[in-house]
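Visitor: Hey, could you walk me through this one? I'm new to reading structures.
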Number of protein chains: 2
Amino acid sequence: MKPRIAIDMDEVMADIEPKFQKIYEREFGEKITRDDYWGQKIYETRDETRYIRDFLHDKGFFRDLEVMPDSQEVIRELMEDHEIFITTAAMEFRSSFEDKYDWLQEHFPFLHWKNFVFCGDKSIIRADYMIDDHVRNLESFQGTGLLFTASHNIHEDRFTRVDNWQQVREYFKTQKAK
Amino acid sequence: MKPRIAIDMDEVMADIEPKFQKIYEREFGEKITRDDYWGQKIYETRDETRYIRDFLHDKGFFRDLEVMPDSQEVIRELMEDHEIFITTAAMEFRSSFEDKYDWLQEHFPFLHWKNFVFCGDKSIIRADYMIDDHVRNLESFQGTGLLFTASHNIHEDRFTRVDNWQQVREYFKTQKAK
């Protein structure tokens with residue numbers, strides 16, 4: 001049986017930052033860059049910015065997110081030697097289900113819907129590897145966790161870190177060589 | 001840690017048969033009873049009835065299904081000593097996501113959305129027990145599978161069978177006593 005990799009969507013396959021940067025600029029009339037919120041989520045910099053997280057509940061929010069660089073190419077490569085499941089904590093956002101499904105079908109048409117998982121608590125996932133930007137998901141995972149770098153997890157050092165999809169590719173090349 | 005039970009929705013928590021019986025009668029102008037399709041799915045009795053499975057894709061189909069007798073009461077009881085996850089193979093039906101979510105919120109308000117899972121291939125589920133009406137899901141499950149009786153699985157004998165929620169209650173009482 002091929003080793004199975006569970007891959008998160010937001011901030012791993014889908015880049016949520018450009019959209020939030022635009023929302024931030026529209027709401028507060030000033031530009032914000034990664035440096036301004038490095039070490040946090042973009043909406044956590046000040047108390048009065050926290051409400052922009054609520055835009056995650058808007059119908060359409062997840063439909064037009066940018067694809068993370070190289071994710072399509074690397075995931076397609078990984079499928080040769082691995083079972084790939086997309087595991088996203090969609091349940092908090094009722095309005096995200098169809099958007100996420102359509103986004104995956106559009107940008108990752110080579111993945112089968114049988115391998116999509118919308119969940120809440122990711123401790124329900126059975127896989128060999130998990131690529132995720134949230135340590136809470138890796139903490140409850142029984143396989144090997146890879147922490148995908150995002151602004152809010154840069155101070156974390158308990159998991160193997162990957163900064164981008166090229167590093168994911170390299171990691172699994174090394175695993176295969178073992 | 002509490003043992004975890006993964007529970008399927010359709011034909012386990014949600015009774016899909018009364019709706020299909022109505023559709024059958026409307027489409028073919030004749031009543032159909034359980035006896036007529038015992039051993040099969042309701043739409044598998046004749047080649048020309050197979051298309052009514054496609055109604056599963058209709059928006060709203062899963063929103064007003066009847067609740068399986070005693071499921072609310074027994075699941076609430078099981079929550080005392082178990083972690084309950086609802087694991088439904090929703091991914092085939094894009095239009096079912098919001099309906100299933102709303103149905104669960106309406107009829108099982110004591111369950112948290114963190115414990116809902118919409119998936120395709122259930123081999124991704126990590127739990128101690130799985131209650132499901134499809135043997136394919138129990139076959140790929142690494143814990144203990146309970147086969148919930150449905151018209152299409154009556155000839156199956158590889159798994160512990162439960163005919164209704166009272167039997168589910170009894171099964172877990174016996175497990176606890178061990």
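Guide: Let's start with a term: buried area is the accessible area (1.4 Å probe) that two parts lose on being put together, summed over both. Between domain 1 and domain 2 of chain A, that comes to about 1200 Å², with domain bounds taken from an automatic or database domain assignment. This is a predicted model, where local features need pLDDT of at least 70, side-chain atom pairs count only at pLDDT 80 or more, and totals for chains, interfaces and linings use all residues. Residues are numbered from 1 along each chain as its sequence is written, chains are lettered from A and ligands numbered from 1 in the order written, and side-chain values use heavy atoms, without hydrogens and water.

Visitor: Which atoms give 51% of that area?
Guide: Carbon and sulfur atoms. On the domain 1 side, Asp15(A), Phe93(A) and Ser151(A) lose the most area to domain 2, together 39% of what that side buries.

Visitor: How many salt bridges are there between the two domains?
Guide: The count is 3, a salt bridge being a side-chain nitrogen of Lys or Arg within 4 Å of a carboxyl oxygen of Asp or Glu.

Visitor: New topic: what does UniProt annotate as "active site"?
Guide: The unreviewed entry marks Asp8(A) and Asp10(A); its positions are given in the numbering used here, feature names are shortened, and annotations may be inferred rather than shown by experiment.

Visitor: Is Asp8(A) buried or exposed?
Guide: Asp8(A) is buried, with a relative accessible area of 5%. Buried means under 20%, exposed over 50%, partly exposed in between (1.4 Å probe, protein chains only).

Visitor: And Asp10(A), buried or exposed?
Guide: Asp10(A) is buried, at 16%.
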